[in-house]
Amino acid sequence: MTRAATALAGASMPRSRLAPWLLLAPAIGVLAIFTGYPLVQSVPLSMKQTFGPGATTWVGLENFAAALGDPIFHKAVINTVLFMIGSVCTQIPAALGLALLLNHPSIRGRAVLRLLFFSPQLVGLVFVAVLTRIAFEKSTGIVNTGLHAVLPMWSLEFPWLEKHVLATLVLASFWMWTGFHMVFFLAALQNVPKELHEAASIDGAGPVRRFWVVTMPAILPIASFVTMLSVLGSLQLFELPYVVFAGGGPENRGLTIVTYLYQTGFESGDLGYSSAIGWLLAIMLLFCSIIMLLAGRARHA
Amino acid sequence: MNPNARPFSIWTVAAYALLLPLAVLTLIPFVWLACAALKAPEDFFSSMFLPTGEGFLGIAWSKLTLVNFRTVLFDAGMARAMVNSMLIASLTSILATLASAMAGYTLACHKFRGKRAVEIIVLGGLLVPAPLIIAPGYQWLYTLGLLDTWTGLILPAIAPAFGILLFRQASLRSIPPEVLEAARIDGAGEGAMFFTVALPMLRPMIGAFMMITFLATWNNFITPQIVLQSDDKFPLSVLIAQLADVYRQDYGVIMAGTLFSIFPVMILFLALQREFISGLTMGAVKG
């Protein structure tokens, strides 16, 4: 900024002291009333047992103790973590691979392909869930009939929705999210300066070496951002399994933390226990974020 | 990426050989959905896509039917839900964009006491995971008497912390302080300045953010599922989940309902995709 511009910026104090607050009021008011207040309330609520929104009894930390000893909650945590690992480990490398392919200079129709891979993202999770439920059915679903048509030894009776529930969920979210992550990688790749690649080529670096030395460091911030988004998002999975199985699925094989939170709060009517689960999830999310931030910092050092 | 690559090298062929099958796999669910919605119940399982027969391209065109669409629109209440989704998503996205733009612009272009505190509150809002406030939020809406109302559904959604921060970034980048100062010297009021000076300069962000919010609201399931109770207020997302149970065996109807729910928005977004995708990645790549 030039000196004149700085002086002007300094001079641009509004005449009215009220004006900024009036402009902020709708957003900050709503944020305080509908996020801030419930957030504060979630602490006492997690220490109560409730029967619907009206009737409550104080139980202290019992909800937390109960959740930590609750085998169904354990099942939900294990399922959710496995789903997260499965999703992140398939989607992120695939998204990066797709972005690298699309970014190849001789690829024609890049815009069309980018749009095509992105399009499943426009379909909401509920709608994906409804399709998943029909597509993965035994003997009639398109997944089994399609696989059987390509690989004749594939059994039409492969029990996706009965036994391989997490694999089903990982596949459905793979279809939905890979293109979304790809868009971020592609944007990052297009911001890598061409001169760096040219300089590395002149120094005799081949394509693989250039990827590790030039491309990776340049896209690392976006890669960590996308990974973080994916980890935190998959730990909060709800709609997909909830709609596919109308609940937790056979033997709760598709039960996730948020599905259990929903079931305890709105099907059993104990908003207190539901809040306690919410806090345990929040702690998990915070823990994962801190680990990833620290890992990012360690890599920088 | 590699400036020395010759076009149509072996790598190009390999890249296409990978990309095209993947593109086909990505599209298959859409094609399957569109075909399934056009099939009568007795033909549903007879073929993977369209029923085979004597017609053009080996397809029995005469077996295709629009009956599923009629059932879904008139018997299953989809027409109503479609209007509801339109209204809910439009209202939410317009109000959220306006409130976020006003707040973001103020944080970027005004100096006032307490600004830092407001910024910290907004950043804090970004960190609150949505599931944490599901139960207390429901109890709070119950206390306020806003359960089963659109107000209870829309109002809490009009101040997303990330929207405020996006507009703060956009204002810092695209509204020069000199322009605001000039408007002030001309005697413009602060409110008028937001609408006449700031909003036009934030146009690209407004378009992108409105689209992102519209789509997210259209596809949101958990909030309407918890807040709303009467059938006549449901958006498509909640109705389709119910249809999947009510018409459990009638796959064609479920498929027609899904097609009907996703295709209108998809076409809208594919038409405006440049703005949408760039808005999505704007904060992440340049911020």
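Me: How many of the 11 residues of helix α12 (residues 236-246) of chain B are buried?

Reply: Helix α12(B) is largely enclosed by the rest of the structure, where helices (H or I, at least four residues) and strands (E, at least two) are DSSP runs numbered from the N terminus. A residue counts as buried if 20 or more other C-beta atoms, placed from the backbone, lie within 10 Å of its own, as exposed if 12 or fewer do, and as partly exposed in between. The buried residues of α12(B) include Leu236(B), Val238(B) and Ile240(B), and their number in this helix is eight.

Me: At what pLDDT do local features qualify in this predicted model?

Reply: Residues are numbered from 1 along each chain as its sequence is written, while chains are lettered from A and ligands numbered from 1 in the order in which they are written. This is a predicted model, in which totals for chains, interfaces and linings use all residues, side-chain atom pairs count only at pLDDT 80 or more, and local features need a pLDDT of at least 70.

Me: Which helices of chain A are included in what covers the buried residues of α12(B)?

Reply: Covering is judged by contact, meaning that the C-beta atoms of two residues, placed from the backbone, lie within 7 Å. Chain B itself contributes α3 (78-109), α10 (203-219), α11 (222-227) and α13 (251-271). From chain A, the cover includes α6 (125-135) and α11 (239-245).

Me: Which helix gives the most to the side of chain B that touches chain A?

Reply: In total, 82 residues of chain B are in contact with 86 residues of chain A. The chain B side has 61 nonpolar, 16 polar and five charged residues, with Ala, Val, Leu, Ile, Met, Phe, Trp, Tyr, Cys and Pro counted as nonpolar, Asp, Glu, Lys and Arg as charged, and the others, Gly among them, as polar. With 11 residues, the element that gives the most to this side is helix α1 (residues 10-37) of chain B.

Me: How are α10(A) and α13(A) directed relative to each other?

Reply: Helix α10 (residues 207-235) and helix α13 (residues 271-300) of chain A pack with their axes 10 Å apart and at an angle of about 165°, the axes being lines fitted to C-alpha atoms over the stretch in contact and the angles running from 0 to 180 degrees between N-to-C directions. Angles under 35 degrees count as roughly parallel, over 145 as roughly antiparallel, 65 to 115 as roughly perpendicular and the rest as oblique. α10(A) and α13(A) are therefore roughly antiparallel.

Me: What is the handedness of the crossing in which α12(A) passes α13(A)?

Reply: The axes of helix α12 (residues 257-267) of chain A and α13(A) come within 7 Å and cross at roughly 160°. A crossing is left-handed if the near helix is turned anticlockwise from the far one by less than a right angle, and right-handed if clockwise. For α12(A) passing α13(A), the crossing is left-handed.

Me: Is Glu251(A) buried or exposed?

Reply: Glu251(A), placed in the loop between α11 and α12 of chain A, has a positive phi near 50° although this residue is not a glycine. With 11 other C-beta atoms within 10 Å, Glu251(A) is exposed.
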